[in-house]
Amino acid sequence: MAVLLPACGKSEAPAAATPPPAAAPAGPVAAGTPANAEATIRKVLTERLPQLPAIEEVTASPLPGLYEVRLTGAEIVYADAQGNFLLQGQIFDTQQRRNLTEDRINKLTALDFKDLPLKDAFKLVRGDGKRKMAVFVDPNCGYCKRFERDMEKIDNVTIYLYLYPILGADSVQKAQHIWCAKDQAKTWSDWMVRNQAIPSAECDAAPVARNVALGRKHKITGTPTLLFTDGTRVPGAMPLDEVEKLLVSASSRKS
């Protein structure tokens, strides 16, 4: 297991690297449940709980008689077929020793490397640049700065940097100036590694806002967050030897 450093913006303890999500085992569908259960659940919950986030999907859960209700932002709750009861919590499969709710959320929030909008990132290329990874970063994140200094020792890699300012208005302003700089990579490294001030620059910084929207959609809650070409995601800074292992592992698989 990787020994991770805390990530800026995270309130919870750092987690280990999350491998590419596997398909959760299909559970039994309760017999005799109404065919219009989805419509009923949507109608009842919307009427009775108007403060509830928008319902995006209703599906049978692995537990007979219980339905998974997916809310905006990949939040999951459970309800009975009539919508009379609402349950917040997690379903565990004791036979397989799996947290099925966590598996489902991981699947819903998975971010495939090949689906990343590379146009909204700038890159640092070291050595032959054959190996690839992406990092979501906030310019005011101390752990990002420490990680960036360490990453200068990694060779033969292309790092796609997604400016992800989640630590306040100053982070947004810095991210916009970095994005609009003539040499984004140099401006970034000068600030993060050499503590040189970020020159003011203006342009269409819409990519920064798109990065924030993308991260929120996929529940990226702290920086740095690392993404490898095999889908492995790491929510926090990590030692260089662990980064190297994940790069080797990802390179050995088809992205």
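Reply: Happy to! Keep in mind that this is a predicted model.

Me: Which strands does it pair with, and in what sense?

Reply: Look at each side in turn. Strand 8 pairs in the parallel sense with strand 9 (residues 157-163), over seven bridges, and K132 has T158 as its bridge partner there. With strand 10 (residues 225-228), strand 8 runs antiparallel, joined by four bridges; here A134 is partnered by L227.

Me: What handedness does the β-α-β unit have?

Reply: Strand 8, helix 3 (residues 142-151) and strand 9 form a right-handed unit.

Me: How should I think about the core?

Reply: In soluble globular proteins, nonpolar side chains tend to be buried together. In this model the largest nonpolar core has 36 residues, and M133, L163, W188, L226, F228 and V243 touch the most other members. Among the elements that each supply at least two residues of this core are strand 8, helix 5 and helix 7 (240-251). Apart from it lies another core, of 13 residues, including F113 and L227.

Me: What does M133 contact beyond its neighbours within four places in sequence?

Reply: Its contacts include V157, I159, L226, F228 and V243.

Me: And which elements does helix 5 pack against?

Reply: Helix 5 (residues 184-192) has seven of its nine residues buried, W188 and W191 among them. Those buried residues pack against strand 7, strand 8, helix 3, strand 9 and helix 4.

Definitions and conventions:
Residues numbered from 1 in each chain as written. Predicted model: local features only at pLDDT ≥ 70, side-chain atom pairs only at ≥ 80, totals over all residues. Heavy atoms only, no water. Pairing = 2+ DSSP bridges. Right-handed = clockwise from strand over helix to strand, strands pointing away. Buried < 20%, exposed > 50% of the residue type's maximum accessible area, 1.4 Å probe, protein only. Contact = heavy atoms within 4.5 Å. Core = buried A, V, L, I, M, F, W, Y, C linked by side-chain atoms within 4.5 Å.
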